[in-house]
Amino acid sequence: MEQAMSDIRIILETKQLDTCSSGWLEAIEGVSRADVLREIDAVPGKYHIERLIALLSPAADHFLEQMAQVGRQLTIRRFGRTIQLYVPLYVSNYCINSCRYCGYSSSAGGDCTRLTIEEALAEADIIAGEGFRHILIVSGEDPGFVTVDYLAELAAGLRKRFSSISVEIYPLDREQYRRLFEAGIDGVTLYQETYDRSVYARCHPSGPKSDYDRRLETHDLAGSAGMRRMGIGVLLGLGDWRLETLALAEHADYLMKKYWRSQVSFSFPRLRPARGMQAEFGHLVGDRDMVKMMLALRLCFADAGIVLSTRESASLRDNLIRLCVTQISAGSKTSPGGYGGHIQSTRQFEIDDERTAAEVAAMIDAAGFQPVWKDWDKAFSVLP
Amino acid sequence: MDKLVIAGRRFESRLFIGTGKYSSNAVMAEAIAASGTEMVTVALRRVDIDNENDDLLAAIDRRKYLLLPNTSGARDAAEAVRLARLARAASGIEWIKLEVTPDPYYLLPDGTETLKAAEELVKDGFIVLPYINADPILAKRLQDIGTATVMPLASPIGSNQGLKTRAAIEIIIAQATVPVVVDAGLGLPSHAAEAMEMGADAVLVNTAIATAKDPVMMAGAFAKAVEGGREAFRAGFAGQKAQASASSPLTGFLRND
């Protein structure tokens with residue numbers, strides 16, 4: 001029996017998933033159609049890496065429709081005919097990192113803005129007026145301004161209008177996550193961006209984000225601090241998407257078993273145009289491959305959330321909610337002050353689905369699903 | 001008359017309905033009506049219990065249906081108790097479906113925390129309906145502290161697998177001094193009928209109805225199955241025989257004694 005792995009770093013290293021391994025690529029290429037069919041028909045929602053390899057293979061291209069049918073059934077049974085809505089609130093686009101793909105890069109020379117608590121709450125009021133109850137606080141790596149005290153104070157204000165508050169910010173330590181949890185924040189979204197160490201090093205040349213291991217251990221710290229929700233993902237386009245999916249799945253499996261009281265969700269950010277992108281990226285992912293990745297993960301992880309943002313087009317989103325998606329954002333503004341419209345500032349990425357929240361809700365309804373605005377309650381946690 | 005009584009309240013229908021996973025509140029309301037139920041459960045996480053204009057709550061006619069709030073999502077006793085108290089303070093409802101489900105994947109209930117929470121809530125005057133794994137000892141302990149029912153799962157929530165825990169539920173039914181409501185995992189009307197034939201007092205169904213292509217028709221089907229299963233139980237099942245009866249029985253010699 002394989003020895004229990006207690007550290008995701010060791011798991012990825014031992015399985016050669018933190019590098020561009022030709023062994024895994026050969027395994028993926030070598031899958032037969034019979035292999036794929038067997039995995040589609042197998043007990044749904046159970047993960048083992050061989051299953052995922054089969055579902056990501058070129059042979060699986062012939063069975064995408066079947067994967068979609070099974071994925072849809074699994075998702076409906078587990079999550080219902082519902083789609084949960086959330087919204088991002090950008091509070092700062094200052095960033096001390098220099099990620100080569102991001103509009104917030106410190107070398108990109110954009111307009112930077114930091115919202116005061118009052119300004120952020122004013123933005124939140126606009127968002128709440130659209131019907132949202134689940135909010136995601138987002139910032140660049142700006143530890144000088146977006147401190148734990150800032151976030152705790154913001155959360156105290158947000159709790160009046162929102163049932164659930166998550167953060168997508170720079171990595172914190174366990175004690176800091178614990179303080180955020182006690183302030184009413186119970187979800188952490190953080191993408192490894194790429195699990196390939198050499199690609200990671202090339203894309204993150206400076207700043208705290210250049211530390212691969214520090215980033216990788218973040219969800220362990222968040223989970224051990226009690227965070228209920230963990231959002232993970234890779235930035236599609238940086239490394240080979242199939243290898244990234246294998247590593248992502250191993251990370252998910254590890255987190256689900258170790259932090260079994262916390263819900264893991266997958267996101268699928270794809271490289272989109274952003275101000276000052278410094279390098280060319282040779283692994284851009286088309287729609288078909290992204291859908292294959294989503295379905296493969298759904299067939300392996302029946303109970304994981306699958307999240308889609310407004311980076312993606314309206315027509316793609318309209319189709320994907322019929323497949324396996326469980327949460328989407330709507331009406332998003334990716335620059336601080338974007339909801340109020342008075343502040344001109346650099347966007348993190350270009351939005352492709354510009355529809356309002358009401359329009360997206362109507363689309364969900366027309367597709368035969370219920371848009372769910374509230375699926376948590378602040379009563380679950382106690383503020384001091 | 002064969003009426004179900006829970007905490008002094010009589011129920012005509014032995015089918016209870018969950019309100020999650022529906023494609024719309026309108027469909028949910030129709031399905032509830034088609035089921036003939038008299039009690040529906042609502043996750044406190046999904047609603048603003050203090051807001052009578054809450055979309056989901058407004059779709060449930062409280063003159064016809066007893067609203068049973070549930071604490072699904074609570075990780076431990078403290079959370080469940082807090083939720084229950086806040087819900088009662090906001091709504092005046094004293095009934096609570098106690099669900100302590102720390103694991104967001106299988107949504108299985110934590111027995112230890114459920115027992116702790118039940119003790120506190122019963123002392124606090126709540127009418128407690130605890131959702132549990134099919135654990136006969138836990139069921140007895142909950143009855144000893146005064147819960148109004150026990151609600152053992154047939155199989156994990158949403159799995160539609162039917163009575164995987166059949167053997168344990170049989171024991172729970174045999175030993176029960178309160179109504180036994182089989183809850184979770186009933187995927188087909190035949191599963192519900194089977195639970196009733198075994199002697200369960202009621203069943204609770206959510207996923208199988210909400211996610212069916214025609215939830216309204218499925219709700220009606222479950223209603224018929226629950227009635228049929230209950231009647232079969234009352235009619236007295238003759239029992240299956242593994243072998244045919246012998247034409248020359250062994251004790252025939254005693255007939256003329």
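A nonpolar core is here a set of buried Ala, Val, Leu, Ile, Met, Phe, Trp, Tyr and Cys residues joined through C-beta atoms within 7 Å, and a residue is buried if 20 or more other C-beta atoms lie within 10 Å of its own, exposed if 12 or fewer, and partly exposed in between, with C-beta atoms placed from the backbone. The model is predicted, so that local features need pLDDT of at least 70 and side-chain atom pairs count only at pLDDT 80 or more, while totals for chains, interfaces and linings use all residues. Residues are numbered from 1 along each chain as its sequence is written, and chains are lettered from A and ligands numbered from 1 in the order in which they are written.

**View 1. The largest nonpolar core and the surroundings of A:L151.** Among the 111 residues of this core, those touching the most other members are A:L89, A:I135, A:I137, A:L151 and A:A252. Its largest share, 9 residues, is supplied by helix α12 (residues 241–258) of chain A, where helices (H or I, at least four residues) and strands (E, at least two) are DSSP runs numbered from the N terminus. Leaving aside residues up to four places away in sequence, A:L151 touches A:I137, A:V146, A:V167, A:L180, A:A183 and A:I185, contact being defined by C-beta atoms, placed from the backbone, that lie within 7 Å. Another core, of 84 residues, lies apart from it and includes B:I17, B:L98, B:L138 and B:A221.

**View 2. Helix α9 of chain B and its cover.** This helix (residues 215–235) has 21 residues and reaches 30 Å from its first C-alpha to its last, close to the 30 Å expected at 1.5 Å a residue, the expected span being 1.5 Å times one less than the number of residues. Its buried residues include B:M218, B:A221, B:F222, B:A225 and B:G229. An α-helix has 3.6 residues a turn, so residues three or four places apart point the same way. Among the elements of chain B that cover the buried residues of α9(B) are β3 (15–18), α1 (25–35) and α7 (189–198). After the helix comes B:G236, with a positive phi near 90 degrees.

**View 3. The contact of chains A and B.** Chain A gives 22 residues to this contact and chain B gives 24 residues. On the side of chain A that touches chain B, the largest share, 3 residues, comes from helix α5 (residues 64–79) of chain A.

**View 4. Chain B as a whole.** Chain B has 9 helices and 10 strands, and buried residues make up 50% of its 257 residues.

How values were computed:
Contact = placed C-beta atoms within 7 Å.
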